[in-house]
Amino acid sequence: MKTDTAVRLPAYPGTGTGPTVLRRLGYVLLYSLLILVALLQILPLIWLLLFSLKNNQEVFDMAPFALPATPRWENYVKVWTEGNISLYFFNSVWITVVSVVFTVLFASLVTFAITRMRWKGRSLVLGLFMVGMMIPVHSTLIPLFSLFLKLHLTDHPLSVILSYIAFNMPITIMILLGFYYALPREVEEAAVMDGCSVHRIFFRIVLPMTASVIATTAIINMIYDWNEFIFVNTFISTDAYKTLTVGVQNFIGQYTTDWGAIGATLMISILPILIAFLVLSNRIVEGIAAGSVKG
Amino acid sequence: MRKKPIAMLLTLTLILAVFLSGCSNSGADGEGEASGSGSDGKVTLKFMHLWPAGSSAQQNKLVNEIIKQYQTDHPNVTIKQEVLENEQYKNKLKILSASNELPDVGVTWAAGFLEPYVKGNLFAPLDDLLSGSLEGKFIAGTTEAYAVEGKTYALPIELNISPIYYNKDIFAKYNLQPPATYDEFLNVVKTLTDNGVVPIALGNKDRWTGSLWYMYLANRLGGDALEKAINGTGKFDDPALIQAAAEVQKLVDMNAFNKGYNGLSNDEGKSEFMNEKAAMYLMGTWELPNYTTNPDVPQEFKDKIGFFKFPTMDGGKSDINSWVGGPGVGLFVAQNSKVKDEAQKFVQYFVEKWGESSVTEAGVIPATKVDTAEVKLPQLYTDLLNELNQASSLTLFADVQMKPTAAQVHLDMIQALFGKAVTPEKFVKNHQEAIDKGN
Amino acid sequence: MDKVMSNRLVAALYVLPALLLLLVLIYIPIVLTGYYGLMQWDGIGAMTFIGFENYARLLHDATFWQSAYHTFLLALFSALSLIGYLMIALVLSGKIKGANLFRKIYLIPMLLSSVAIAQLWLKIYHPSNGVLNTFLESVGIANPPAWLAEPSLVLYALFVPILWQYAGFYILIYYAALKNIPESLVEAARIDGASPWQIAFRIKLPLITEVIKVTIVLAVVGSLKYFDLIYVMTDGGPNGSSEVMASYMYHQAFRGFDFGYGSAVGFFLLVICLVVTWLLRKATASKDTIQYS
């Protein structure tokens, strides 16, 4: 049992009475490491921004991080007006949103049923989902295409959405599984005693408790779906339903590569996901803050 | 999080999904009709090609003009395009053919690429078109590359030969002349390396670029030995073919190519030439727009570029007018197309109109004859077109000649050869094994 | 509790939609892949049944086994790198100022599409103009290698961007797991005089064991199937020195027009994933899962 204490404890990194100098040094090292890693991670975005504002010659000639003589915003204009980028952008957005919502929902339902409910065959079902994670994507292209053909779903966004849900559920379930196992059960047990139905337990209790991991899996799914390419390319033929990644590929040609345009497209394609990510990230923090007031 | 926001979000998404799918559904159904003739004589044609507006702007523009014109002339016909870039196009074509869902009209490559599709009865024979208004218009040898067992299955719309482009300024700086013999060429290479200049730009990650070098060496040394070995009437252990491989490695040892060539894509290799770090670049005539009309390339660079023919070898079996090159892509009509007649008419129209304007508007040399006197062209084009007319023979690219699996072996071997991971003897041995397998 | 939670109907309701999608969209292709693997088929024309010939060929295919070896190396490095990610997540979950910011920054590479990452690292590794080689030359290393052209180096050179791509992903998962640990437990330990090290290793880590096991499986299986950066950056080259199983499969099926054989490779890859996962779970199985009292 935990005892509450009125003593104000010193902040991390320790309660010990070790030498301050050593502790400070530890701090410095720690922060340096973190900053170094952060730099390694953020340089690409900077580079992307830079070369989206250059033309081909500048990209090949100049040093990667050199600033362009004049920022070529026309790359962005060109990309947005030519080649339907706004349409692809819109498609990417709604397809991603729908896919992510349903993937996380289904995965949560399944994980809940497997970890909390008792029924025969739940190990089998779990096993089935895990095996589903192991198929290499390219093996599925031809069979899936034939299947969608028979269902008259080729060239229809539903083929892409359903595929995303099916293929991302296993990994989502796996991540959720780890968290669900570690969740304390007292709250649910109390709810059952109070006479709650399974549905209420799931929607009102468990789901909110898993807010942080839901946000996490939502981000992960969002990233996969937003950047996904091969399914869209295979199942969708008309421009009307193409997504941003496919649109970007159209700029990469057989004999020429318009670097500035690619850069601009990639920047445009990253922005929404960056924003969504930042928003959801804050959700994680909230969820954590709410969830940690227990025990 | 409270329950309400979740519920609302879910409901909203559900509605959105249903709504959008519903909309698209009716839309998709309409398009799901794909091609076919309606009861009122309306015809929809599906055309899939590989000239996206972003990277092949000029070709794309030309294609759209031709389509627009055709639709105006034939108001009952609607042409639906699907545009993909090269590699994705090949993938999609493969997948579509597995389900027998090819577009009515599409783009294909010759010889070895075409064969499986013909064998699978997926392409319709187009010989009728050859005896129509297109009779005699094709340059000799171009349609043959698209023929299997005497029937032609696609009509070529590109023709390319491969000169060695060179930077006249760099040559002049070291008092070099375009070489006519291979010994002179080696001298050029040595002079350049002695002076710290990269002699040849090469991006061999894509492998076919190195193949061009090998093919020319094989040609200059052994004439049609390579072709014979590929089609089975000869063998790969022909001394000329082995020596050609050895010559490649000799060039590698001389540091003739830019650093890291085996890991650089063609574009990256090319940029060494475009940035004037390398003096020479062996590539097809599809590059010409970069040296003539492309507005993104500085004019002063363009003025420096000339070309010379691959030099001859002492005691070799070929003359300087023998080129590596051949027809590029061609148009096919799907065998199971529901609008075959209309598709064939469109192909015929396309080939004609394309041939008339492709050089001036897209910088692409068509497979149909071009009258250089009539059309006003940049000098490099006129020169190369004249060369084409005087060509003694055209050898099609090896990876197109060969059947698909053998072609992959060839390409992998080229990379190994250039990387000195394989001896010339092993190189030809692997080729022979691949050819013997017959696929 | 049991009665409520044993409601079969509800369980079915919760599981069926997902299961249906899974069976239709994933298991049918799995079965078909195995089926195609029994055929001689170029993907276009007719299929001929050849039994297990493809699989027999696979067992003797030196190129395949070389690609399998490369894949194994990737899996090994990925699993080992998890340790690093775990350490970083542990540090972040402590009271570090700006932990949120760091976490967001670490995840940024994952936001980029594989194409973008590939293009970036191609530039970094460029033999003459790349950031890496220019840096090496500036510190006096005379002729730095062409990283993507040297058969002995290319595979390891590729591991860097691959690991870099996923670092943020695993850090995110570990961080979320660590944050889920009730603060009160940590406080209690601290009051009892535990050092940060002890807290980390004796308390935090054991509590997220399930999550760690999950990430190990994810990392290994993900590596076994890995395709994207290999394909875009080197296409398995030069001459197969960076080929992995998934890219080999792709080459056979789509480039070489030998779809039957490609399918056999794909199916075999699936089986390998299964076996490896089973082994992993056996190796990391614990008798009881730790729960809060």
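Helices here are DSSP runs of H or I with at least four residues, strands are runs of E with at least two, and both are numbered from the N terminus. With that rule, chain A comes to 13 helices and zero strands.

Before I go on, some ground rules. This is a predicted model: local features need pLDDT of at least 70, side-chain atom pairs count only at pLDDT 80 or more, and totals for chains, interfaces and linings use all residues. Residues are numbered from 1 along each chain as its sequence is written, while chains are lettered from A and ligands numbered from 1 in the order in which they are written.

Chain A, then. Its pattern along the sequence is α-α-α-α-α-α-α-α-α-α-α-α-α. How much of it is buried? I call a residue buried if 20 or more other C-beta atoms lie within 10 Å of its own, exposed if 12 or fewer, and partly exposed in between, with C-beta atoms placed from the backbone. On that count, 51% of the 295 residues of chain A are buried.

Next, contacts. Two residues are in contact if their C-beta atoms, placed from the backbone, lie within 7 Å. Take the contacts in chain A with a separation of 6 or more: 75% of them join residues 24 or more positions apart.

Here is one residue to look at. L53(A) sits in the loop between α1 (20-51) and α2 (56-61) of chain A. Is it buried or exposed? L53(A) is buried, with 23 other C-beta atoms within 10 Å. Leaving aside neighbours within four places in sequence, L53(A) contacts P68(A), P71(A), R72(A) and N75(A). P71(A) is 18 residues away from L53(A) in sequence, yet their C-alpha atoms are 5.0 Å apart.

Now the interfaces. Chain A puts 86 residues in contact with 83 residues of chain C. On the chain A side, the largest share comes from helix α7 (residues 157-182), with 14 residues. For classes, Ala, Val, Leu, Ile, Met, Phe, Trp, Tyr, Cys and Pro count as nonpolar, Asp, Glu, Lys and Arg as charged, and the others, Gly among them, as polar. That side of chain A divides into 62 nonpolar, 19 polar and five charged residues.

Chain B also touches chain C. That contact takes 23 residues from chain B and 23 from chain C. On the chain B side, the elements giving two or more residues are α3 (86-98), α4 (111-119) and α17 (404-418). The largest share, six residues, comes from α17(B). By class, this side of chain B has eight nonpolar, 10 polar and five charged residues.

Staying with chain B, we come to domains. The bounds come from an automatic or database domain assignment. That assignment gives domain 1 (38-158 + 328-370) and domain 2 (161-326 + 381-437). Their C-alpha centres lie 29 Å apart. Across the boundary, 14 residues of domain 1 of chain B contact 17 residues of domain 2 of chain B. α4(B) gives the most to the domain 1 side, with five residues. By class, that side has 10 nonpolar, three polar and one charged residues.

On to the core. A nonpolar core is a set of buried Ala, Val, Leu, Ile, Met, Phe, Trp, Tyr and Cys residues joined through C-beta atoms within 7 Å. The largest one has 311 residues, and those with the most contacts inside it are L241(B) and V347(B). Its largest share, 20 residues, comes from helix α8 (residues 151-179) of chain C. Domain 1 and domain 2 of chain B both give residues to this core, so it lies between them. Not counting residues up to four places away in sequence, V347(B) touches V105(B), L126(B), L129(B), L155(B), L331(B) and V333(B).

In α2(B), residues 57-73, Q59(B), N60(B), L62(B), V63(B), I66(B) and I67(B) are buried. Why do they share a side? They cover an arc of only 165° around the axis, taken from the directions from the helix axis to the C-beta atoms, which puts them on the same side of α2(B). On the other side, K68(B), Q69(B) and T72(B) are exposed. The buried residues of α2(B) pack against β2 (43-49), β3 (77-83) and α14 (340-362) of chain B.

Last, helix α11 (residues 266-274) of chain B. Nine of its nine residues are buried. Just after α11(B), E276(B) takes a positive phi of about 60°.
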